[in-house]
Amino acid sequence: MAFRKAMKGAVLVGGGAVATVFALSQLSQYRKKHSHLVSVEASECKPLQMHRSLPTREHQLQALQQTSEFDVLIIGGGATGSGCALDAVSRGLKTALVERDDFSSGTSSRSTKLIHGGVRYLQKAIMKLDFDQYRMVKEALHERANLLEIAPHLSSPLPIMLPVYKWWQLPYYWVGIKLYDLVAGSQCLKSSYVLSKSKALELFPMLQKDRLVGAIVYYDGQHNDARMNLAIALTAARYGAAIANYTEVMHLLKKTDPNSGKSHVCGARCRDVLTGQEFDVNAKCVINATGPFTDSVRKMDDQEVLNICQPSAGVHIVMPGYYSPDNMGLLDPSTSDGRVIFFLPWQKMTIAGTTDTATEVTHHPIPTEEDINFILTEVRNYLSCDVEVRRGDVLAAWSGIRPLVTDPNSKDTQSISRNHVVHVSDSGLVTIAGGKWTTYRSMAEDTIDAAVKAHGLKAGPCKTSGLLLQGAEGWSPTLYIRLVQDYGLESEVAQHLSNTFGDKAFEVAKLAQVTGKRWPIVGKRLVSEFPYIESEIEYGIQEYACTAVDMIARRTRLAFLNVQAADEALPRIIEIMGKRLKWSEQKKKEQLEEAKKFLYYEMGYKARSEQLTDRSEITLSPRDIERYKKRFHMFDKEGKGFITILDVQRVLESINFQINESALHEILTEVDLNKNGQVELNEFLQLMTAIQKGSISGSRLAVLMKAAEENICRREVISVDRSGGGLINDGQAFGERKRGS
């Protein structure tokens, strides 16, 4: 009876909601027909011509310095800034872009990796009859479809499950998700559907099954955000835009109109961060697309201007792939404090996030232990109790700053806009702020429209809808097979190259060195468990990578997937880059230190390593303490109270186990809390406590010592068995293994 009433109410609510959506849709079309943001001269539009080869960074810097005047100069190389550059150059405008750091080094590489319309915004639009919210969702769904079309190698549809634990929620959520499909219209990726409890558990076996009623599955898009950002920037460069990373704006250039006496922004004084060289870039229009740093550039124009950016930090964590199915995400619409959390498969790992906390603007946002633990707690709430969610399984963590803004054009300056805002100052500085990753293209279109109108630029209409990004033109889902057949790459590596570089994957494969093995013929991996190969470092330099951080964070995604793996790959990455870029030994050392600092603070290595400190409390049972002491003393034969590399080597040699000395040194360093070159008994017991608590996982020393102990025990069992007393000892040995570490 209750279910019938709920369904009846849902039908009534759904009918009203459908009528509302239809009315909003009609209003949206009416406004679109009767709004003309800018008049453009199509006759001035030049045919698009793409350069076959990508200009080097040196050539780009020369273009910035030697061009007398650009039509537009864009500050900021994130998704929005790169989108503005592509939009402007494709309209026939002479375009320049400068970025203080690397392309996508800020928020654009630290997203949830979703291309989505925003289900929760649609709910607000219907409940509050908010046309702006509806228009934002409609726009985002259109852009979602466009992004999946123009970069199919970097993006794909992803089913997302919404588990339901109360009967009345099933029809309620079903109506909402169906409306999401309805608003998408012909651009709906796939129709949403309802699952029974058993089917939901079949598709997502890790799900909490107690009280589970069923689930609803809907579709959104997923992408490789940093690579997508880079593809946009590189496409702009191939169409003729002069773009340069590591080029900082020192201050804006202004000139005074002799007729009106007003000053106008006419360019920027820039500095090459890598060399220190300063130069002027002149432009008819300057666009501020700096995300969280919007206000700092606005204050270069006018010191008295009020701040409009309301920065919000979002933390994400990465866990092993076994926490989620290969191709099914999860949405928790109502966490303990009302925030929404996604749980998504990505690059064969699992992403969980995001938080939403007020923060200060910084170049180096750091994930906090508080945010990491909040996400883990919420994950535990909707995963089965059979799955132990351990702090030690957090392989990487990052914080991204979302630049929410108040609209300076609005009288109500206190209200935060969830949509993007385009503002033109009295001196002509064009600012684009707010919005989200998915709508970068429409944000860029609105920005260039405003720039054309404000500065009287001669430009054609926007051409970026449907304009393929670099790598998309010759790509197909089966392209990786040709890479395997033509070059002898591993299938996993070939798929990775295809899905990262698109049709440019062949250029990466051509750079790959012969392995000397029967298979794979070419393609030496940087680390064994990830498909990144050494030739990607060579190719990354052609894509304007200048530092080791560029390589581990954005040209590859190692830092975002596993900080320890990224740390292990660094020496080889720096060796390859150093040879190609002619780095001195001192430069290589600086690059290694800078990259390790990046991993330690910005990618969660600090939070991960702090799970084991010299102040960690030992909470083992007396029985466990004796067991681990016995294991420790198998290595500390002399009773010194500590073990060294020599002690471990001696035991391993006795069981014919070979390990590289440098690797062994790294293994002991992980546990050597006081950094004195030896692991003391107290440190070992702290390690075992942390493993039992789940705050540390995958300790190489713990696994190595356990394996050595078991090997020695098996030998002892054999000798006792021959004398007739092996049954008891064998049972004890089995019990020891069964109890775990």
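Helices (H or I, at least four residues) and strands (E, at least two) are DSSP runs, numbered from the N terminus. The structure is a predicted model in which local features need pLDDT of at least 70 and side-chain atom pairs count only at pLDDT 80 or more, while totals for chains, interfaces and linings use all residues. Residues are numbered from 1 along each chain as its sequence is written, and side-chain values use heavy atoms, with hydrogens and water left out.

**Figure 1. The loop position of Lys-640.** Lys-640 is placed in the loop between α21 (622-635) and β20 (642-643). With 30% relative accessibility, Lys-640 counts as partly exposed; buried means under 20% relative accessible area, exposed over 50%, and partly exposed in between (1.4 Å probe, protein chains only). The side chains of Lys-640 and Asp-647 are joined by a polar contact of 3.0 Å. A polar contact is a pair of N or O atoms within 3.5 Å; within protein, one must be able to donate a hydrogen and the other to accept it, and residues adjacent in sequence count only if both atoms are side-chain atoms. Leu-681 lies 41 residues from Lys-640 along the chain, and their C-alpha atoms are separated by 9.5 Å.

Figure 2. The side chain of Arg-269 forms polar contacts with the side chain of Glu-278 at 3.3 Å and with that of Asp-280 at 3.1 Å. Neighbours within four places in sequence aside, the residues in contact (heavy atoms within 4.5 Å) with Arg-269 include Glu-248, Val-249, Met-250, His-251 and Phe-279. Leu-252, 17 residues from Arg-269 in sequence, is 6.1 Å away in space, C-alpha to C-alpha.

**Figure 3. Asp-71 in strand β1.** Asp-71 belongs to strand β1 (residues 70-75) and counts as buried, at 14% relative accessibility. Its side chain reaches the backbone nitrogen of Lys-94 at 2.7 Å. Not counting residues up to four places away in sequence, Asp-71 touches Gly-92, Leu-93, Lys-94, Ala-283, Lys-284, Cys-285 and Leu-457.

**Figure 4. Helix α4 and its crossing with α5.** In α4 (residues 119-127), the residues Tyr-121, Leu-122, Ala-125 and Ile-126 are buried. Seen down the axis of α4, its buried residues fall within an arc of 135°, so they line one face of the helix; the arc is that of the directions from the helix axis to the C-beta atoms. The axes of α4 and α5 (residues 131-150) come within 8 Å and cross at roughly 145°. Axes are lines fitted to C-alpha atoms, for helices over the stretch in contact, and angles run from 0 to 180 degrees between N-to-C directions. The crossing of α4 past α5 is left-handed; a crossing is left-handed if the near helix is turned anticlockwise from the far one by less than a right angle, and right-handed if clockwise. Tyr-121, Leu-122, Lys-124 and Ala-125 of α4 meet Gln-133, Tyr-134, Met-136 and Val-137 of α5. Just after α4, Leu-129 has a positive phi of about 50°.

**Figure 5. Packing of helices α18 and α19.** Helices α18 (residues 563-581) and α19 (residues 585-602) pack at an angle of about 160°, their axes 10 Å apart. They are therefore roughly antiparallel to each other, a term for angles over 145 degrees. The crossing of α18 past α19 is right-handed.

Methods: Parallel < 35°, antiparallel > 145°, perpendicular 65-115°, else oblique.
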